[in-house]
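Dear colleague,

Please find below the structure that I would like to hand over to you.

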Amino acid sequence: LLGADGRLAPTIFAEMTALATKTGALNLGQGFPDEDGPRAVLDAAKHAIDHGRNQYGPARGAQELIDAIIEHQRRFYGIGLGRGDVLATAGATEALAATMLAYLNPGDEVVVFEPYYDAYAAVAALAGAVLVPVPLAAPDFEPDIDRLQRATSPRTRMIIVNSPHNPTGSVFSEETMRHIIRVAERRDAIIVTDEVYEHLVYDEQHVPLASFDAARERLVSISSAGKTFSVTGWKIGWIMSTPERIAQISAVKQYMTFVNGAPFQPAVAVGLRLGDEHFDTIVASFARKRDILTRGLRKAGFTVHEANAGYFVLADAAPLGVEDAAELSRRLPELVGVVGVPLSAFARPSRRDLRSTMRFAFCKSDDTLHEAAARLAGLK
Ligand code: PMP
Ligand code: GLN
């Protein structure tokens, strides 16, 4: 995370995408699709641009987007929200940063589940907060509740939950969610839940934390359009919480981007209102992609952890005689023309158990994945 000068360094995703661009290797490093999302959503953005939606929009987000988010929560989860419960943001990234900066003071402790998405650690550092990782381990990557309990203290201000989880592809069980809520209650901590992969769940059921009544009063829920509609570059995200917390977080957000993505917000509203067919199709198609890559990696000699959700699969290179996946990641483009990222980028160096594992993205065309599988077979 931090460079030699103690400042934040370029993310592993930027570094690995630059490596893929430089070497012409297949980029299974950064999680973005190489195929477009639904035509109706893309056309809606063009329509918005052609019909004057090009200036600053309302501070909380375009009304159609707010209303579509409310409808979406009712349709998929039976959760009732009001207009004051929602804030549109520049992706989940800004949603996370604005929420963390709104609540964290220097010295506050933030519990995360490790491996963790890098932004949690980076923003905690920007806020002067102390990151407290609770390890998740193979094969199921579910947190040990005793360890979670022991990791908290009177200084615990926030617990960040990310289910479906990047990078492990796990989905926390309902029982785990209930334990997390109980621990948060005991410490009077805020729960921030990052659910950007909510619609990419293959073998399990996504249960949003907001569907647990006990969580409501301490919960900030975050999602975004990037994965659900394959528009990661649009950076439209949203926060759902109580009106009081939305007001506090908006106060921070207004000095980050103020507002963002004017023509993309109504287009995402169109996406959220698409028929069930879209949501069923993405699950089937990403599950197929996961299977293509999982088979390829297994054939190439990796030990692959079953991904139940998300964009990524974890592959342990230890059976190939690899100890350090960071080194393998740097060499993989020249060895076989494929880029992935080391799992160590999502954890502290003390996590020796994660050292030989890589994360590969399967959110790519079937052709790209078949080609990657063929190339990886050359590693043996
Ligand atoms: N959280 C997780 C777990 C992610 O994987 C990502 C990356 N795409 C984000 C947040 C950021 O989402 P966005 O692109 O909407 O900012
Ligand atoms: N979330 C994406 C990933 O995990 C990348 C986002 C980014 O580049 N910051 O690969």
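The domain bounds used here come from an automatic or database domain assignment. The model itself is predicted. On that assignment, the protein chain is divided into domain 1, made up of 12-30 + 277-379, and domain 2, which spans 39-272. The C-alpha centres of these two domains lie 25 Å apart.

Contacts between the domains involve 25 residues of domain 1 and 26 residues of domain 2. On the side of domain 1 that touches domain 2, helix H10 (276-299) and strand E10 (312-316) each supply at least two residues. H10 provides the largest share of that side, namely six residues. Sorted by class, the side of domain 1 that touches domain 2 holds 17 nonpolar, three polar and five charged residues.

I turn next to the ligands. Ligand 1 is surrounded by 14 residues, of which Gly91, Ala92, Thr93, Asn166 and Ser224 are the closest. The element that gives the most to this shell is helix H4 (residues 91-103), with three residues. By class, the shell around ligand 1 consists of nine polar, three nonpolar and two charged residues.

Around ligand 2, the surrounding residues are Thr11, Phe13, Gln30, Gly31 and Asn166. Four residues of this shell are polar and one is nonpolar, while none is charged.

With kind regards

Key. Residues are numbered from 1 along each chain as its sequence is written. Chains are lettered from A and ligands numbered from 1 in the order in which they are written. This is a predicted model: local features need pLDDT of at least 70, side-chain atom pairs count only at pLDDT 80 or more; totals for chains, interfaces and linings use all residues. A residue is near a molecule or strand if its C-beta atom, placed from the backbone, lies within 6 Å of it. Helices (H or I, at least four residues) and strands (E, at least two) are DSSP runs, numbered from the N terminus. Ala, Val, Leu, Ile, Met, Phe, Trp, Tyr, Cys and Pro count as nonpolar, Asp, Glu, Lys and Arg as charged, and the others, Gly among them, as polar. Two residues are in contact if their C-beta atoms, placed from the backbone, lie within 7 Å.
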